Amino acid sequence: FDVIKIEKEIKNYGGVAATYNNISQVLFESKNFDESKKYNDSAYYYSKKYNISNDLLTSLDNYIDYYEKIQDFKKASSYYKKIIIAKDSLAKKNNYEKLHNSEVKYQTEKKEKQLLIQNAKIAEKNTIIVGVVALLLFSILIGYFIYNRQKLKTIQLLKERELQEALVKIETQNKLQEQRLKISRDLHDNIGAQLTFI
C-alpha cells in the first residue's frame with residue numbers, strides 16, 4: 001500500500017494501475033473475491049483515466065474472471081465485449097502508430113533525398129562558379145601574357161626604328177662628309193688649276 005502511495009506521489013499512474021491489478025489477482029487467487037473486485041475497480045479506474053492499455057486489458061480480464069466466479073455470466077459477457085472493443089481499439093492505435101511511424105520515416109527519407117538533391121545542385125553550382133572563376137583567371141593570365149609580349153614587341157620595334165633612324169642619320173652625315181670632301185677636293189683642284197693658269 002505504501003508502494004501505491006509513493007507511485008501516486010510521483011504521478012506514476014501506470015505503476016498504480018499495475019499494482020492494483022497485482023493485488024486484485026493475489027486476492028482472487030486467495031478466494032477473497034469481493035476485496036479482489038475493489039482493487040480491480042481501482043486498477044480499471046486508473047488504467048482507463050490515464051489510458052494505460054495493458055493494465056486496462058488486465059483489469060477487464062479480472063472482471064471476466066470475477067463475474068464468471070460469481071456466476072453472473074451476463075456481466076462477464078459484457079466485459080468480454082469490452083475487452084474485444086479495447087483490443088480492437090489497441091490494435092487500431094498500434095496500426096495508427098505504425099502508419100504514423102512509416103509516414104514519418106517516408107517524410108524523413110523524402111526530406112533527406114531533397115537535401116541530397118539540393119546539396120548536389122549547390123555542389124554543381126559551386127563547381128560551375130569555380131570553373132568560371134578559373135577560366136576567367138586563366139583568360140586574364142593569357143591576356144596579361146599576350147599584352148606583355150606585345151608591349152615587348154612594340155618596345156623592340158621602337159628600338160629598331162630608332163636604330164634605323166640613327167643609321168640613316170649616320171649614312172646621311174657620311175654622305176654629307178663625302179660631298180664636302182669631294183667639294184673641297186674639287187675646290188682644291190680648281191684653285192690649283194686656276195693658280196697654274198694664272
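This is a predicted model: local features need pLDDT of at least 70, side-chain atom pairs count only at pLDDT 80 or more; totals for chains, interfaces and linings use all residues.
Trainee: Which residues of α3 are buried?

Mentor: Phe33, Ser36, Tyr39, Asn40, Ala43, Tyr44, Tyr46 and Ser47.

Trainee: And how many residues does α3 have, and what does it span?

Mentor: Helix α3 runs over residues 33-49, which is 17 residues. From first C-alpha to last it reaches 24 Å, close to the 24 Å expected at 1.5 Å a residue.

Trainee: Switching to cavities. How many are there of 30 Å³ or more?

Mentor: The count is one. The largest cavity holds about 40 Å³ of space.

Trainee: Which residues line the largest cavity?

Mentor: Ser24, Phe28, Ser36, Lys37, Asn40, Asn62, Tyr63 and Tyr66. At least two residues of that lining come from each of α2, α3 and α4.

Trainee: How does the lining divide into nonpolar, polar and charged?

Mentor: Three are nonpolar, four polar and one charged.

Trainee: Now the loops. Where is Lys31, and what is its phi?

Mentor: Lys31 sits in the loop between α2 and α3. Its phi is positive, about 65 degrees, although Lys31 is not a glycine.

Trainee: Is Lys31 buried or exposed?

Mentor: Exposed, with a relative accessible area of 62%.

Trainee: What about just after α3?

Mentor: There Asn51 takes a positive phi of about 55 degrees, and Asn51 is not a glycine either. Asn51 belongs to the loop between α3 and α4. With a relative accessible area of 55%, Asn51 counts as exposed, because the cut-off for exposed is over 50%.

Terms used
Residues are numbered from 1 along each chain as its sequence is written. Side-chain values use heavy atoms; hydrogens and water are left out. Helices (H or I, at least four residues) and strands (E, at least two) are DSSP runs, numbered from the N terminus. The expected span of a helix is 1.5 Å times one less than its number of residues. Buried means under 20% relative accessible area, exposed over 50%, partly exposed in between (1.4 Å probe, protein chains only). On a 1 Å grid over the protein atoms alone, a cavity is a set of points where a 1.4 Å probe fits but cannot get out, and a pocket is an open set with protein on both sides within 12 Å along at least five of seven lines; lining residues have an atom within 4 Å of a point. Grid points are joined across faces, edges and corners, and a volume is the space filled by probe spheres set on the points. Ala, Val, Leu, Ile, Met, Phe, Trp, Tyr, Cys and Pro count as nonpolar, Asp, Glu, Lys and Arg as charged, and the others, Gly among them, as polar.
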